[in-house]
Amino acid sequence: MTMNFARLNRHILMPQRSLRRAFDEAALNDIEKAITDTEKTHGGEIRIALEASLEPGELFSDVSPRQRALQVFSQLGVWDTELNNGVLIYVLWADRDVEIVADRGFNGRVSAQEWSDVCQRMEQLFSRSSPSAAVLAGIQAAGALISRHFPGGDRNELPDRPVLL
């Protein structure tokens, strides 16, 4: 195994305040409102987790953004919905990487490629627009996928506020 020193440096040199600058209080409020609004149109649950960087131990263990997203999915209890229809949109800011983890209620309904397309679109928008605009676009796109399979609103089972890790 070879260490990716560029990635290591990116993460070590990525201060938490960089994430706070990219996603200030107004952006977090906008993201929360977008989740609340889109969840009125479908029966799924969307959580947003934003993480500045990985810890050095995770980097030395070569934890991928996908592996970290799966950990966060579990930590935040996104799986804990009645219809197993929770969706985590995880952003690892140091890598500008987006991962979507969808609960088992989406198996056979939404393809991995459809979720991947949302991630790629968000990653492209990070370089062309504001970070919050990219996340808002991701919420809208995920909401559209969710509404095809879980139409109509339901009770809110998970917090709508984005989590800064």
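## A histidine in a loop

In this predicted model, H42 is placed in the loop that joins helix α3 (25-39) to strand β1 (45-51).

## Overall architecture

The protein contains seven helices and four strands. Followed along the sequence, these elements give the pattern α-α-α-β-α-α-β-β-α-α-β.

A compact globule of 165 residues would have a radius of gyration near 15 Å, and the protein agrees with this because its own value is 15 Å. Along the principal axes, the C-alpha atoms fill a box of roughly 45 × 35 × 25 Å. Of the 165 residues, 49% are buried. The accessible surface comes to about 8000 Å², and carbon and sulfur atoms account for 51% of that surface.

Among contacts between residues at least 6 apart in sequence, 75% join residues at least 24 apart.

## The sheet

Strands of a sheet pair through backbone hydrogen bonds, in either a parallel or an antiparallel sense. In this protein, four strands form an open sheet with mixed pairing, in the order β3-β2-β1-β4. Strands β3 and β4 (163-164) stand at the edges; each has a single partner strand, so one side of each has no neighbour in the sheet.

Despite its edge position, strand β3 (residues 97-102) is mostly covered, with five of its six residues buried. Helix α3 lies across β1 and β4, and it runs at about 160° to β1.

Strand β2 (residues 86-92) pairs with β3 in the antiparallel sense, over six bridges. Within this pairing, V91 stands opposite V98 in β3.

Four residues lie between the two strands of the hairpin, where R96 takes a positive phi near 55°. R96 belongs to the loop between β2 and β3. With a relative accessible area of 36%, R96 is partly exposed, a class that lies between the limits of 20% and 50%.

D62 is partly exposed, and its relative accessible area is 46%.

L145 is located in helix α7 (residues 131-149). Its relative accessibility is 10%, so L145 counts as buried.

Which residues does L145 touch, not counting those up to four places away in sequence? The residues are V110, E114, W115 and V118. A related distance can be given for S111: L145 and S111 are 34 residues apart in sequence, and their C-alpha atoms are 9.9 Å apart in space.

Definitions and conventions: Residues are numbered from 1 along each chain as its sequence is written. This is a predicted model: local features need pLDDT of at least 70, side-chain atom pairs count only at pLDDT 80 or more; totals for chains, interfaces and linings use all residues. Side-chain values use heavy atoms; hydrogens and water are left out. Buried means under 20% relative accessible area, exposed over 50%, partly exposed in between (1.4 Å probe, protein chains only). Two strands pair if DSSP finds at least two bridges between them. Contact means heavy atoms within 4.5 Å. Axes are lines fitted to C-alpha atoms, for helices over the stretch in contact, and angles run from 0 to 180 degrees between N-to-C directions. The radius of gyration is taken over C-alpha atoms; the globule rule is 2.2 Å times the number of residues to the power 0.38. Accessible areas come from the Shrake-Rupley method with a 1.4 Å probe; for residues, only the protein chains shown count as cover.
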